[in-house]
Amino acid sequence: MRRTLLRLLFAVALPAVLIALWWLASDGSTNVYWPPLRTILKTFPDVWTGDRLKTDVLPSVLRLAAGYATAAVVGVALGTVIGSYRRVRAVCEPVLEFLRAVPPPVLVPVIMLFAGIGDTMKIVVIASGCVWPVLLNTVEGVRAVDPVMKETALSYGVTGVARLRTLVLRSASPQIFAGLRQALSIGIILMVISEMFAATDGLGFTIVQFQRSFAIPDMWTGILVLGILGFLLSVVFQVVERRVLGWYHGLRAASRRSS
């Protein structure tokens, strides 16, 4: 119980300090682009009503989920194949490095030509940026599978799908989740960017509309919503990661105790 309280205290300490500093630094501000925090918080409930959450936040979350899930499936599938076969990796590596170096926001106009300006374009933009950390981490995770474990699996006749599921993906899962964590933050950024182009709803669209109409406190409330959304998604991700990688964290804890 005490350890849980300490972890909770450490988790909320820095955000509380930052909010207090923001409050003090902005208090009494007359700059139209830097309103006091009290003004932003007072505006928040008037702007983000239940209807606006349904019409703007929910579509953004659904697009993010679709793009993120697509990137996760494609990244893990391709990463497993590329990481498992040296010749495939040698052929694909130069192309992957070239594509990885192209910033996804630059591809938005190109994607719009092929996918239109609807939800498909936004999902493709999100997936195109999220796929790289998942793919590259999966490749490295598959390559790092212990050769002794591979030989042991072959000796016991563990091949095919069983080998892939119980050995390869399980051994690579810590690095796969590291890539998924990186992809989540990239996905939130691309979600906002994609909604700034020819959109009619979503968080990115709404924040830009507030900025264009000089509703600066409203714009800041949208930024706060993005931060809260990112925090909540991070918490959900940590819960899932702890459950899926429970064996891995248990091994690390046992290793630390033994040393």
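I began with the term patch, which here joins residues with over 30% relative accessible area and no salt bridge, like charges within 9 Å and nonpolar side chains (Val, Leu, Ile, Met, Phe, Trp, Tyr) within 5 Å. I kept in mind that this is a predicted model, where local features need pLDDT of at least 70, side-chain atom pairs count only at pLDDT 80 or more, and totals for chains, interfaces and linings use all residues. Residues are numbered from 1 along each chain as its sequence is written, and side-chain values use heavy atoms, with hydrogens and water left out.

I looked up the positive charge on the surface and found a patch of Arg 3, Arg 7, Arg 242, Arg 252, Arg 256 and Arg 257. Helix H1 (2-26) and helix H11 (246-258) are the elements that each give two or more residues to this patch, and the largest share, three residues, comes from H11; helices are DSSP runs (H or I, at least four residues), numbered from the N terminus.

I then turned to salt bridges (a side-chain nitrogen of Lys or Arg within 4 Å of a carboxyl oxygen of Asp or Glu), of which the structure holds seven. In one of them the side chains of Glu 195 and Arg 63 meet at 2.9 Å, N to O. Glu 195 lies in the loop between helix H8 (160-194) and helix H9 (203-212) and Arg 63 in helix H3 (residues 50-84), so the pair ties together parts that are 132 residues apart in sequence. I noted Glu 195 as buried (under 20% relative accessible area, with a 1.4 Å probe and protein chains only), at 1%, and Arg 63 as buried at 6%. Arg 63, Asp 119, Glu 195 and Asp 201 are linked in a network of salt bridges.

How values were computed: Accessible areas come from the Shrake-Rupley method with a 1.4 Å probe; for residues, only the protein chains shown count as cover. Lys and Arg count as positive and Asp and Glu as negative; His and the chain ends are not counted. The place of a charge is taken as NZ of Lys, CZ of Arg, CG of Asp or CD of Glu. Buried means under 20% relative accessible area, exposed over 50%, partly exposed in between (1.4 Å probe, protein chains only).
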